[in-house]
Amino acid sequence: MNRIPVQEVRRSLQIRILRHNPHDPASKPCLQTFELEEAESMTLFIALNEIRQTMDPSLQFDFVCRAGICGSCGMIINGRPGLACRTLTRNLPECITLAPLPGFELIGDLSVNTGKWMRGMSERLETWVHQRDLDRADIDQLEERMEPDLAERIYELERCIECGCCIAACGTARMREDFVGAVGLNQIMRFRLDPRDERSDADFYALVGDESGVFGCMTLLGCEDYCPKDLPLAAQIAFLRRRMVATGA
Amino acid sequence: MPKTLSALSARMDLLQSLSGLLLVLFIWAHMFFESSILLGEDAMYAVSRMFEGEPLFGKPYPLLVSAAGIAVFLLVAVHAVLALRKFPGSSRQYQLLNRHLGVIRHEDTTLWYVQVITGFCLFFLIPAHLYTVITQPENIGPYASADRVWSERFWIVYALLLLTVHVHAAIGVYRLVMKWYAPTGVQAGRTRARLKRGMWCILAFFILLGTASLLTYMRIGYQHADSAGERYRPASAPVGAR
Ligand code: HEM
Ligand code: SF4
Ligand code: SF4
Ligand code: FES
């Protein structure tokens with residue numbers, strides 16, 4: 001008879017959470033430890049919800065999709081950035097330390113305002129399709145066809161969920177607040193590929209051709225190594241760097 | 001359209017990498033010439049004479065060595081000035097970086113930091129070495145160099161220089177590849193691991209080669225200590241050779 005193997009002895013997890021409410025002047029950042037029994041296939045998403053339900057309803061953290069799609073649950077897990085909903089506790093030691101992603105405005109405890117940062121980046125880099133005479137376009141007409149191969153390549157870069165892990169993992173972004181990061185440079189590459197976007201490399205140079213853009217990147221590769229969607233960030237940045245040098249220098 | 005950006009950033013980024021690459025190629029070539037001592041005094045004597053232009057002009061011109069030393073010094077200066085832009089610029093940046101490094105313990109970020117530290121050391125070690133090359137170009141030879149290494153205790157500078165320059169150069173080459181031609185595709189991770197392994201192998205090779213020749217200079221200098229200052233005279237050479 002087939003039997004699903006069940007872990008007999010359950011581990012007891014100690015989850016230490018960096019807690020702080022920046023809106024409360026009396027609040028000081030401190031580590032609080034919660035103990036709970038590990039369950040089968042437990043993710044940090046499940047563990048945090050259990051803590052909030054059974055131990056401390058005031059604990060703040062973000063989740064939407066719990067499937068690695070929405071990008072809201074990025075946090076520092078034992079020192080490294082990652083998505084809580086995609087991190088299985090069985091791959092971690094018994095003692096787990098959680099902290100909010102650095103580099104973003106803290107909302108409280110593990111919740112940070114990545115959305116605000118991403119919007120600022122997006123407005124600055126104009127991460128949308130630029131086309132002249134869009135207002136005269138005929139929306140009843142079929143769109144021009146795109147080669148499946150090209151669509152695939154755009155989609156590969158489009159998979160970014162703006163979770164902010166690459167910003168938290170990047171030494172450059174930690175030191176320079178105006179650095180657009182791998183997420184921003186990747187989006188430039190995405191629109192550069194898109195045939196509907198009429199911008200030239202000179203236009204892109206005006207957006208990322210300085211130390212807050214592609215030339216600020218010091219190839220530390222934290223982005224490449226910690227992007228939870230495994231985007232090919234190092235290769236994109238290297239390509240963009242070559243294009244921008246060819247355009248600007 | 002947004003503001004136009006100057007070409008300066010692009011040029012400085014390219015020049016930083018190019019100057020680094022040229023310095024690496026130089027230092028690797030330098031290691032083979034320097035290690036000619038492993039083949040014996042005569043081999044090293046021939047190499048030092050070659051760089052003074054003797055095979056070309058029939059007569060040694062040590063000034064050529066000075067000129068090469070100055071060129072390398074200028075290249076180092078350009079590279080250092082450009083690379084210094086990447087040092088943490090304020091104590092706040094330094095603190096942020098240090099905290100980041102301590103928490104994330106990420107290999108490639110640490111490799112970069114090792115480059116920053118070795119680069120800082122090279123800032124002092126390279127001028128110490130180049131100063132003697134530029135001011136006393138005629139004092140390069142099997143005995144002259146060995147005496148400097150042993151009797152003038154330059155082995156301390158050279159040992160530190162050997163270690164820092166090769167660590168800096170090997171990491172630099174790996175990072176140059178990732179910076180300009182990071183591998184793509186499904187094999188990207190594997191190619192990167194191979195590049196990194198190559199980096200460690202190159203590093204080990206040059207450290208071993210450099211250590212072997214430094215020890216050889218030390219041995220010759222030790223044996224020659226009593227007559228330090230005397231120049232080498234190859235079996236086939238006319239009077240006045242060194
Ligand atoms: C005074 C001497 C030196 C200083 C202060 C220095 C400093 C630095 C620093 C801080 C970096 C990292 C910069 C970055 O990641 O953006 C770097 C990169 C590099 N260095 Fe040096 N360095 C020196 C000498 C050398 C020498 C002698 C070599 C060759 C053997 C060399 C080869 C390289 C290479 C190949 C890179 C990578 C270049 C790049 O990232 O674009 N450096 N150096
Ligand atoms: S590039 Fe990766 S790490 Fe960065 S925001 Fe997008 S998905 Fe997250
Ligand atoms: S390669 Fe390094 S410096 Fe560049 S964006 Fe990625 S983490 Fe930041
Ligand atoms: S909850 Fe959406 S990515 Fe984790």
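A: A residue counts as near a molecule or strand when one of its heavy atoms lies within 4 Å of it. The model is predicted, so local features need pLDDT of at least 70 and side-chain atom pairs count only at pLDDT 80 or more, while totals for chains, interfaces and linings use all residues. Residues are numbered from 1 along each chain as its sequence is written, chains are lettered from A and ligands numbered from 1 in the order in which they are written, and side-chain values use heavy atoms, leaving out hydrogens and water.

By an automatic or database domain assignment, chain A is divided into domain 1 (12-112) and domain 2 (147-248). Their C-alpha centres lie 28 Å apart. Across the boundary, 14 residues of domain 1 are in contact with twelve residues of domain 2, contact meaning heavy atoms within 4.5 Å.

Ligand 2 is surrounded by Cys160(A), Ile161(A), Glu162(A), Cys163(A), Gly164(A), Cys165(A), Cys166(A), Val183(A), Cys227(A), Pro228(A), Lys229(A) and Leu233(A). This shell has nine nonpolar, one polar and two charged residues. Here Ala, Val, Leu, Ile, Met, Phe, Trp, Tyr, Cys and Pro count as nonpolar, Asp, Glu, Lys and Arg as charged, and the others, Gly among them, as polar.

The residues around ligand 3 include Cys170(A), Phe179(A), Ala182(A), Cys217(A), Met218(A), Cys223(A) and Ile237(A). Its shell divides into nine nonpolar, three polar and no charged residues.

Helix H6 (residues 181-193) and helix H9 (residues 233-248) of chain A pack at an angle of about 65 degrees, with their axes 9 Å apart. H6(A) is therefore roughly perpendicular to H9(A). Angles of 65 to 115 degrees have that name, those under 35 are roughly parallel, those over 145 roughly antiparallel, and the rest oblique. Axes are lines fitted to C-alpha atoms over the stretch in contact, and angles run from 0 to 180 degrees between N-to-C directions. Helices are DSSP runs (H or I, at least four residues), numbered from the N terminus.

From H6(A), the contact draws on Ala182(A), Leu185(A), Asn186(A), Ile188(A), Met189(A) and Arg192(A); H9(A) contributes Leu233(A), Gln236(A), Ile237(A), Phe239(A), Leu240(A) and Arg243(A). By class, eight are nonpolar, two polar and two charged.

Methods. Helix = DSSP H or I, 4+ residues; strand = E, 2+ residues; numbered from the N terminus.
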